[in-house]
Amino acid sequence: MAQQLVKQPELTEEALLEGARRVGELAESQAKQAEEDASVSSEVVELMKEVGITQMMVPKNQGGPDVSLRTFVKVLRKVANYNVSAAWLTFLYPLHNMLPAYLPKESQEKIYNDGGLIADIFAAVGEAERVEGGYRVSGKWNFVSGINHASWVGVGVKVDNGEGGKEVILPMLYKDQFTIVENWDTFGLRGSGSNQIIVEDVFVPDDMIFMPEQAEEIRRPADDDYEKDYPLYHVPLFPAFYFGFPVMAVGAAERMIEEFKKATEKRVRLMDGVRESESPRSQRVMAEITTELKTAEALLDKYITLLEEYEENGAETPNSEFFALRTKIIKTTTEIGMRILLTLGGGALYKGGPIELFFRDIVSLATHKTSLYEDSVAAYGQDLFGFDSKVRG
C-alpha cells in the first residue's frame, strides 16, 4: 500500500488544459459504453492520472502542484464540454485531495504516498462506536461518486461532540475495508459510477478522521506543520467543496449551444420550408440562450472571486450567498438546455445524441442536494433579513 508518490512534473495550466481535452475526447468517444456500464472506463481514469488532473490539489509539501482555483475551473469546464460524467470525476478526484490535507502530517503521508484516488460521502447515515484510540464504523452509503476507481473513501457518521450534541465526522477507509455494491442506475450522470458501499465494524484511528466542523471553523489543519499557500486553506470549506457543480453546468450548457447551432444552421422546417438559421424565431432563441450563458459565466466569475477574496473580505460572505449564486447558475443552464430541447423538437430526443445526453446530465446535476434552487433562495433570504439560515454552503 505504501507506494511512494512520484512528484509530478510541473503542471502548467496549458498542459492541464491539453490533458483535459484528451480526457474529454476519450470520455465522449466512450459515452455509450459508459452509459451501459454506469461508470466511466478505467482507461479514462488512467488518462486523468497520466495528465496530472487527479493530483491537481495535492499540497506542494506532499509532492503536488496545488493549482489555483481559476486553473481548476478551466480544466473542469474543458472536460465538461465533452462529457459531464467524466467532468464529475475530474472535479471530485482532485478535490478530495483536500481531505487528507487536514489530517496530521503522518496520516497525510500515508494517503498521499499511496497514490490512490479518494472518494467521499458526507451523508451521516453510518454508525460509529467510540473505542480507545478511534471509532468502530459500520453502515451503508449510497451515491459514492467515483468509488469504482478509488482506493480511499471518507464516510459520514454522527458522533457525540463532548458538549451534549452531535457532529459529523468522516473516517477515512482503505479499499480493503469496504465493499462496493453496484446499484447506480439513474436518469443521468450514469458514468459517474456513484455506487453504494458497505462497511462492517471497521476500526478507524483518530488520526485518520477528517473533522468537517473543525476544518470549517479554522480553515487550516489543527497543527502548524502544513502548506501555508495551499489555496483550499483560505476559503470557506463547503462553498469551496461545491464550486465545481456550476462549472460543470456552464461547460455542458456551452456545448449544448454549440450543438443547437449546428443542428439549426441547415435545418428546414417542413411546415413552412424556412431555413432555421434565417428565421427570426431561431435567431432569437440563439441570442437569448447565448446571453443567458454569459449571465451564468458572470455569476460563476463572481462566485470564484468571492472565494479568492474571502479572507481579504474578513470572511464575512455568508454561506447562503454562495449557495444562491451556485444554484442560480445551475438553474440558468438547465433552462438553457430545456429551451434548446423544446426548440429542436423531436429530433433531439433520440437516445445517445449529444443534446439528449447533455440535457439529462445537466438536469441530474441540478438535483444534487447542494444544487437545489428553492432551498438556496430561502436560506439567502433569511440571511438578508438578519436571520441565521445555518446552511453550510
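How many salt bridges does the structure hold? The structure holds 27. This is a predicted model.

## Charged pairs

Side chains of opposite charge can pair when their charged atoms come close.

One is in helix 1, which spans residues 13-29. Here the side chains of Arg21 and Glu18 meet, N to O, at 2.4 Å. The two residues are 3 apart in this helix, so about one helical turn separates them. Arg21 is partly exposed, at 27% relative accessibility. Glu18 is partly exposed too, at 37%.

Asp206 and Arg130 form another salt bridge, with their closest N and O atoms 2.6 Å apart. This pair links distant parts of the chain, 76 residues apart. Asp206 sits in the loop between strand 6 (195-205) and strand 7 (209-210). Arg130 belongs to strand 1 (residues 118-131). Asp206 counts as partly exposed, with 36% relative accessibility. Arg130 is partly exposed as well, and its relative accessible area is 47%.

Are they buried or exposed? Glu259 is buried, and Arg255 is buried too.

## How helix 9 packs

Helix 9 covers residues 244-265 and packs with helix 5, residues 84-95. Their axes are 10 Å apart, at an angle of about 150 degrees. Angles over 145 degrees count as roughly antiparallel, so that is how helix 5 runs relative to helix 9. The crossing of helix 5 past helix 9 is right-handed.

The C-alpha atoms of Lys294 and Glu254 are 9.7 Å apart, while the two residues are 40 apart along the chain. Lys294 counts as exposed, with 53% relative accessibility.

## A nonpolar surface patch

Which residues form a nonpolar patch on the surface? They are Leu384, Phe385 and Phe387. Together they have about 420 Å² of accessible area.

Phe385 lies in the segment after helix 13 (373-384). Its relative accessible area is 70%. The cut-off for exposed is over 50%, so Phe385 counts as exposed.

Technical notes: Residues are numbered from 1 along each chain as its sequence is written. This is a predicted model: local features need pLDDT of at least 70, side-chain atom pairs count only at pLDDT 80 or more; totals for chains, interfaces and linings use all residues. Side-chain values use heavy atoms; hydrogens and water are left out. Patches are made of residues with over 30% relative accessible area and no salt bridge: like charges are joined within 9 Å, nonpolar side chains (Val, Leu, Ile, Met, Phe, Trp, Tyr) within 5 Å. Accessible areas come from the Shrake-Rupley method with a 1.4 Å probe; for residues, only the protein chains shown count as cover. A salt bridge is a side-chain nitrogen of Lys or Arg within 4 Å of a carboxyl oxygen of Asp or Glu. Helices (H or I, at least four residues) and strands (E, at least two) are DSSP runs, numbered from the N terminus. Buried means under 20% relative accessible area, exposed over 50%, partly exposed in between (1.4 Å probe, protein chains only). Axes are lines fitted to C-alpha atoms, for helices over the stretch in contact, and angles run from 0 to 180 degrees between N-to-C directions. Angles under 35 degrees count as roughly parallel, over 145 as roughly antiparallel, 65 to 115 as roughly perpendicular and the rest as oblique. A crossing is left-handed if the near helix is turned anticlockwise from the far one by less than a right angle, and right-handed if clockwise.
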